[in-house]
Amino acid sequence: MHPTDSVNGWRESIHQDFFPLDLQVIHPERFRVESATKVRAGSHMAQIRASEHVARMTDAACRRLSQPCIKVVWLHQGEAAYRQGSRKVALLPGQWLLYEASRPYSLEMSDCAHFTVLFSHVSPNDAWLQRGLPGKLGPQPIEEAARLALDMISSALNEDLHLQSRTQLAFNLGLRALLDAALQDESASLARHGGRRPLLEEAKACLLAHLTDSRLTSDQLAERLGVSRRALYKAFQADKETPQSFQLTQRLLRCRDVLLSEHGAHLNLTRLAYEYGFADAAHFSRAYKRQFGESPSQAQRKPRRIST
């Protein structure tokens with residue numbers, strides 16, 4: 001990767017080598033980015049580590065495009081928020097997202113975000129566009145076919161090879177075949193579960209990623225996921241839970257792991273309670289005893305789990 005702390009330099013590099021995006025850096029005074037970009041037979045690929053920023057595709061930039069475009073993002077670290085029209089989607093580490101890049105959108109990246117991007121021109125009759133997949137499927141886990149596609153891109157970015165045109169074409173066809181397989185898997189899952197299970201899994205992943213954030217409410221979670229509060233609660237009904245009950249249980253389980261760890265006997269319980277989103281130590285103690293039948297202080301007096 002090539003590091004830089006020049007905001008303008010990065011903007012120019014993205015415009016020239018990748019895509020006509022409008023880039024807004026949130027804290028220019030401490031901006032830092034490392035990026036690697038490459039083009040293979042019309043497919044633009046990049047792997048980026050960057051400070052907090054927002055990438056936007058404007059109406060004017062869309063009008064300059066000669067044909068539709070598809071973009072795929074794999075998120076490795078940090079958080080992302082994608083917005084296109086009324087659609088709002090939260091992207092978490094270990095997930096990937098497909099969307100149409102030839103319509104206006106924005107992609108907000110948190111500080112220290114690490115992600116891989118694929119951008120490709122497609123025909124107006126492309127199967128992905130005809131099936132409406134870019135607007136139908138939300139973030140998906142980076143597994144199997146999606147993982148292999150990511151490995152192909154990482155290899156292409158890391159190897160400085162001059163490929164003949166037929167080899168580049170084979171690379172693109174292989175990449176598309178893997179993404180087709182990944183999308184077919186996710187479309188089948190969406191059809192089997194009526195859209196409900198993927199939403200539940202995404203909601204739980206978001207809550208697990210924010211266990212220490214006491215400010216994350218159910219309304220904010222629904223907004224991040226781009227669904228209504230009613231749809232969010234209906235998804236949790238499948239497991240006879242609510243977002244709050246799941247969040248509380250997971251916080252308590254995490255606290256129990258900490259208390260029973262090698263250094264748990266010496267932890268300050270008030271500090272632990274605050275770190276995991278509890279209003280005060282008394283609230284934490286009551287909830288902990290309801291869940292495990294003993295107080296946090298009793299758990300601290302248990303024999304330690306010594307790591308080996």
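A polar contact is a pair of N or O atoms within 3.5 Å; within protein, one must be able to donate a hydrogen and the other to accept it, and residues adjacent in sequence count only if both atoms are side-chain atoms. The side chains of Gln24 and Arg56 make such a contact, at 2.8 Å. The model is predicted: local features need pLDDT of at least 70 and side-chain atom pairs count only at pLDDT 80 or more, whereas totals for chains, interfaces and linings use all residues. Residues are numbered from 1 along each chain as its sequence is written, and side-chain values use heavy atoms, with hydrogens and water left out.

- E2 and E5 are joined in the antiparallel sense over 4 bridges.
- Strand E5 (residues 53–57) is linked to strand E10 (residues 105–109) by 5 bridges, and these two strands run antiparallel.
- In E5, 4 of the 5 residues are buried, where buried means under 20% relative accessible area, exposed over 50%, and partly exposed in between (1.4 Å probe, protein chains only).

**Residues within the sheet**

- Gln24 lies in strand E2 and is partly exposed, because its relative accessible area is 36%.
- The bridge partner of Gln24 in E5 is Val54.
- Not counting residues up to four places away in sequence, Gln24 touches Arg11, His53, Val54 and Arg56; contact means heavy atoms within 4.5 Å.
- Gln24 and Glu108 are 84 residues apart in sequence, and their C-alpha atoms are 9.4 Å apart in space.
- Ser106 belongs to strand E10 and is buried, since its relative accessible area is 11%.
- Residues up to four places away in sequence aside, Ser106 touches Val54, Ala55, Arg56, Ala81, Tyr82 and Arg83.

**Nonpolar cores**

- A nonpolar core is a set of buried Ala, Val, Leu, Ile, Met, Phe, Trp, Tyr and Cys residues joined through side-chain atoms within 4.5 Å.
- The largest such core has 34 residues, and Phe19 and Tyr105 have the most contacts inside it.
- Strand E11 (residues 113–121) gives the most to this core, with 4 residues.
- Apart from this core lies another, of 25 residues, including Val72, Trp96, Leu157 and Leu175.
- Phe19 touches Ile14, Met57, Leu65, Cys69, Ala101, Tyr105 and Phe119, not counting residues up to four places away in sequence.
- Met57 stands opposite Tyr105 in E10.

**Helix H10**

- Helix H10 (residues 243–259) has 17 residues and reaches 24 Å from its first C-alpha to its last, close to the expected 24 Å; the expected span is 1.5 Å times one less than the number of residues.
- Among the buried residues of H10 are Pro243, Phe246, Arg251, Cys255 and Leu259.

Methods: Pairing = 2+ DSSP bridges.
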